[in-house]
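Good morning, and thank you for coming. Please look at the sequence and the model as I go through them.

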Amino acid sequence: LHTPKSIFSYLQFEAVLIADRNVVYSTMQSVAASAARVVCGRTAKKLTVTRPVSSTRLTSPSLHVQRAPFRQYSSSGRLGNECQVVVVTSGKGGVGKTTTAANIAFGLAERGYKTVVIDFDIGLRNLDLHLGMERRVIFDIINVIRKEASLNQALIKDKRNEKLFLLAASQTRDKTALTLQGVEEVIEELKKSFDFVVCDSPAGIESGAHHAMYFSDRAVICTNPEISSCRDSDKMLGIIASKSKRSETGRDPVKAQLLITRYQPERVAQGNMLSVTDITELLGIPLIGVVPDSSDILRCTNEGKPSIIEKETDVAQAYTDAVARFLGEDKPLRFVTPKKKGFFEKLAELTK
C-alpha cells in the first residue's frame, strides 16, 4: 500500500487496483474501497480495476492512491466534512440567539475549527459587542454585497483565538439591503476558507431571519422554557423545513437541534416553568444543551467576551457541553436539577 506523504490533506482521490484475472471483480472493488477508507477516511470517488492479460499466476494486489487538488481545511491540519452553514435562530426575540451564536462560534474555534460568525441583524447589530469587536468594525456585510469592500477587508479576526472571525451587520441600513444573491455569494466565498459559517439570525420571521436560515445546513433552535418561546420556535422549524434552499432543491433537510437557555431548575421543580421534557416533547428535535440562567452572561457581554471563556462558571460549562454534542460527542446533561442549598442559603430565603 503506497500513499503520498500529504494524502491526509486531500479528500478526493483515485484508487487503482491491479490484481490477477482470477480474482472476482466485486471482491477486488471491496478490497480497494476498504483500503482507501483506511488511508483517507472516505470511500473512493473513482475506482478503476484492471487485470494483466498475460498473467498466469496469482499476483498480490496493490493499491495506488493518487492525490487530487482540493482545499485544505483549517490550519489545525485536521480533516472533517465540507464547510457547514449553521443558523442560530428561534423566532422570538430576547431568548439568547446572539449570546449562543457567539459562544458556539468561539467554542468551535477552540476545538480547532476555522469559524466565521455573521451578524444578520441589519440596523440593530449586537454580535460585535458580545465578541468585544465593536471598535474594529470598518466594513460590514452590506458593503461586501454592494462591492464597496472585499470580504477580506470586512472580516474581523478575534484577538483571543486566531481561528475565529466576525462579519458584522450594518448599523445604518435596514434589512431590505440584503439580497438572496448577495448573501449566497458571500457564503459561498466563505465556505472556501472556513470549516463553519455561523449565522446569527435576528428575531422574527421577516427578511433578515429568512436570509440567515435560507442557505443553512444545520440549525440551532434557541428557546426559553416558556410556552410562547416554544411556539415561536416551532413556527421557525416549519419555516426552515419548507422555505430553506435544501427544501426547495429536494436535498436532505436542514438538521435542527435544540438549545434551551435561561433554564431555572428551582422554578421547574416548583411547577412555574416548563421542564426539559416538556420542551423536547413540544418541539420534537434533539437536545444539544441546557444553559442555566445566570448573571455571568450579562457580565461577560458587558465586558465584551463570550461566556464560554470563563471555564469555571456553569454557563461556560453548559456551552462547552453544547458544542461537544453539536460535534457528535456524548455528554451527560447537566444543570437540569436544583442545587442543594445550605443552611444559611435557606435562612436567607426565609428572611426575604
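A word on sources comes first. This is a predicted model, in which local features need pLDDT of at least 70 and side-chain atom pairs count only at pLDDT 80 or more, while totals for chains, interfaces and linings use all residues. Residues are numbered from 1 along each chain as its sequence is written, and side-chain values use heavy atoms, with hydrogens and water left out.

Let us begin with the sheet. Helices (H or I, at least four residues) and strands (E, at least two) are DSSP runs, numbered from the N terminus. Two strands are said to pair if DSSP finds at least two bridges between them. Here 8 strands form an open sheet with mixed pairing, in the order S6-S7-S5-S8-S4-S9-S10-S11. Its edge strands are S6 (156-157) and S11 (287-292), each of which pairs on one side only.

Helix H2 (residues 97-110) packs on this sheet and touches S4, S5, S7, S8, S9 (218-223) and S10 (255-263). The direction of H2 makes about 170° with that of S8. Contact, in this talk, means heavy atoms within 4.5 Å. Axes are lines fitted to C-alpha atoms, for helices over the stretch in contact, and angles run from 0 to 180 degrees between N-to-C directions. A further helix, H11 (residues 276-283), lies across S9, S10 and S11 and runs at about 150° to S10.

Which strands are joined to S8 by bridges? Strand S4 (residues 84-89) is joined to S8 by 5 bridges, and the two run parallel. In this pairing, Val 87 stands opposite Cys 199 of S8. Strand S5 (residues 115-119) is also joined to S8 by 5 bridges, again running parallel, and here Ile 118 stands opposite Cys 199. S5 has 4 bridges to strand S7 (residues 164-167) as well, in a parallel arrangement, with Thr 115 opposite Leu 164.

Why is S8 described as largely enclosed by the rest of the structure? The reason is that 5 of the 5 residues of S8 (residues 196-200) are buried. Buried means under 20% relative accessible area, exposed means over 50%, and partly exposed lies in between, with a 1.4 Å probe and protein chains only. Both faces of S8 are covered: Phe 196, Val 198 and Asp 200 are buried on one side, and Val 197 and Cys 199 on the other.

I turn now to two single residues. Ile 221 is found in strand S9, and with a relative accessible area of 0% it is buried. Leaving aside neighbours within four places in sequence, the contacts of Ile 221 include Thr 89, Leu 237, Ala 256 and Ile 285. The C-alpha atoms of Ile 221 and Gly 91 are separated by 8.9 Å, although these residues are 130 residues apart along the chain.

Side chains of opposite charge can pair when their charged atoms come close. A polar atom of the Arg 325 side chain does lie 2.7 Å from the backbone oxygen of Ile 288, and one lies 3.2 Å from the backbone oxygen of Lys 331. Not counting residues up to four places away in sequence, Arg 325 touches several others, among them Gln 257, Leu 287 and Pro 332.

Finally, how many salt bridges does the structure hold? There are 18. One of them joins Lys 305 to Glu 310, with the closest N and O atoms 2.8 Å apart. Lys 305 counts as partly exposed at 21% relative accessibility, whereas Glu 310 counts as buried at 11%. Both belong to a network of salt bridges that also links Asp 296, Arg 299 and Glu 303. Elsewhere, Lys 192 and Glu 189 meet in a salt bridge of 3.3 Å, N to O. Lys 192 is exposed, at 52% relative accessible area, and Glu 189 is partly exposed, at 39%.

Key: A polar contact is a pair of N or O atoms within 3.5 Å; within protein, one must be able to donate a hydrogen and the other to accept it, and residues adjacent in sequence count only if both atoms are side-chain atoms. A salt bridge is a side-chain nitrogen of Lys or Arg within 4 Å of a carboxyl oxygen of Asp or Glu.
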